[in-house]
Amino acid sequence: MKKIDILHGSIWDKVLAFALPLAATSVLQQLFNSADVAVVGQFSGSKALAAVGSTSPITSLFITIFVGLSIGANVVISRFLGAQNDKQVKKAVHTSLVLSVISGIIIALIGELIAKWLLVVMSTPAEVLDQALVFLRITFIGMIFLTIYNFESAVLRASGDTKRPLYCLLISGVINVSLGLFFVVICKLDVAGVALATLIADATSALLLLIILIKEKGALKVSFKDLQIDPRITKDILFTGIPAAIQGMLFNIANIIIQSGINSLGADVVAASTVGLNFEIYIYYLITGFAQASITFNSQNYGAKNYKRCIQSTRWCMGLGFIFTMLLSGIFILFSHTFAGIFTSDQAIIELATIRMRYILAFEFLNMTIEIMSGSLRGLGNPMISTILCVIFVCGVRLFYMFVIFPHYNTFNMLLIIYPISWATASASIVSAYFVVKKKKLLV
């Protein structure tokens, strides 16, 4: 598999070659998840749909923990690759895989212990609580495999390879949809069926990537006898990974608070938000592709001391990310009724779903700015700045709004406007921080 040369030549085409397969991987993953939601909505009814949707902020909260930690692995491995230090690359790869197993087990255990408590705290409607709990418990078991997959992907991504994770996910995704239909339509397992299908698919993708890494040549090759934790590399991974995980967690904690507000508006609004959220996640994963490109391109070039190329990489990621984000957002908004109709035939829920899509998707470029600029700062060795600013300007603003303003204006429309408001304040602060770091650290 030919890898992208991140250190030399033109940048824009390599950003696209890196970001688009990565975005396609995540979008494909969400497409298969959306297929699960569609299967539940069409064959098990609106209550099952609401049960699955009510767990989304919780699963996202836990997923961001290991995704954040895997970003730390990506940065460390990329920097060693840029410095052409194969010995350290090998140590970092094996340390990352051990960390993935440990963190996956810890996350799964914590999730199982507090699953019901989280659903109750979020004011999950009583009529869907039992189904939501079943779905959540099975999902937490599968997070062990999802954690391993994300760390394995980070190893390949650090070297410029975003295609093979896509191929593995394509295989596991077909398994996911096929088993989902079988478990729900034939076996009548409802929400448990789609959760089991996802678990099996995640285990498949993790196994496929492990086989690829075992057969890999050079410093990225995995050998079971070399699996161990290097203390210094672990520290470096956690130095970048923990702030990224915290930032993602805080985003999702704020979203859980918002979800509790959505839950208080009734099952129809919960179901409609579940539908609308699918399209936001598609765009978020597109954004993530360019944000990960920003991390990897900045990390490798910073390791190679090519500071001018770091700045150029950030510019290309921002420009290309804006074009693709606005294009996809525009398509979803323009055909919002049609897309919402894929998930449900209930016209009331479709109308509510289109309201969410129009309020939020038009401002996704602000979310894109936050993610890409945060990626650049992490790649340059400044992981805490964006985390602190997001705590203040995303989480702080959202919590203030939910506890102070929303109780007086508790409508669906008023709830949704907090997203663009918090994105606008956070993106402005992070862009300002990037220019300060650029002037100080890159001497340009």
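Visitor: How much space lies in the largest pocket?

Guide: About 270 Å³ of space lies in the largest pocket, where a pocket is an open set of points on a 1 Å grid over the protein atoms alone, fitting a 1.4 Å probe, with protein on both sides within 12 Å along at least five of seven lines. The volume is the space filled by probe spheres set on the points, which are joined across faces, edges and corners. This is a predicted model, in which local features need pLDDT of at least 70 and side-chain atom pairs count only at pLDDT 80 or more, while totals for chains, interfaces and linings use all residues. Residues are numbered from 1 along each chain as its sequence is written, and side-chain values use heavy atoms, with hydrogens and water left out.

Visitor: Which residues line the largest pocket?

Guide: The lining, meaning residues with an atom within 4 Å of a point, is made of Val75, Val76, Arg79, Phe80, Ala83, Arg232, Asp236, Phe239, Thr240 and Gly381.

Visitor: How many cavities of 30 Å³ or more does the count come to?

Guide: The count comes to two cavities of 30 Å³ or more, a cavity being a set of grid points where the probe fits but cannot get out. The second largest cavity holds about 30 Å³ of space, and its lining consists of Leu22, Ser153, Arg157, Asp161, Thr162 and Pro165, which divide into two nonpolar, two polar and two charged residues.

Visitor: Switching to serines, what does serine 299 touch?

Guide: Serine 299, which sits in helix α9 (residues 267-303), is in contact with Val75, Ser78, Arg79 and Gly379 once its neighbours within four places in sequence are left aside, where contact means heavy atoms within 4.5 Å. Of these partners, Val75 and Arg79 are also named in the lining of the largest pocket.

Visitor: Why does serine 299 count as buried?

Guide: Serine 299 counts as buried because its relative accessibility is 0%, and buried means under 20% relative accessible area, exposed over 50% and partly exposed in between, with a 1.4 Å probe and protein chains only.

Visitor: Where does the side chain of serine 100 reach?

Guide: Serine 100, in helix α4 (residues 86-121), has a side chain that reaches the backbone oxygen of leucine 97 at 2.6 Å. That is a polar contact, a pair of N or O atoms within 3.5 Å in which, within protein, one must be able to donate a hydrogen and the other to accept it, and residues adjacent in sequence count only if both atoms are side-chain atoms. Serine 100 is buried at 0% relative accessibility, and beyond its neighbours within four places in sequence it is in contact with Thr147, Ile148 and Phe151.

Visitor: How many disulfides does a search of the whole structure find?

Guide: The search finds zero disulfides, a disulfide being a pair of cysteine sulfur atoms within 2.5 Å. For cysteine 390, the nearest cysteine sulfur is that of cysteine 395, 7.1 Å away. Cysteine 390 is buried at 1% relative accessible area, whereas cysteine 187 is partly exposed at 34%.

Visitor: What does isoleucine 370 touch?

Guide: Isoleucine 370 lies in helix α13 (residues 364-379) and touches Cys390 along with Gln247, Phe251, Val394, Trp423, Ala426, Ser427 and Ile430, not counting residues up to four places away in sequence. Its relative accessible area is 0%, so isoleucine 370 is buried.

Visitor: Last topic, backbone angles: what is phi of glutamine 84?

Guide: Phi of glutamine 84 is near 60 degrees, a positive value in a residue other than glycine; glutamine 84 is in the loop between α3 (56-82) and α4 and is exposed at 66% relative accessible area. Aspartate 190, also not a glycine, has a positive phi of about 55 degrees, sits in the loop between α6 (163-186) and α7 (191-215), and is partly exposed at 29%.

Note on methods: Helices (H or I, at least four residues) and strands (E, at least two) are DSSP runs, numbered from the N terminus. Ala, Val, Leu, Ile, Met, Phe, Trp, Tyr, Cys and Pro count as nonpolar, Asp, Glu, Lys and Arg as charged, and the others, Gly among them, as polar.
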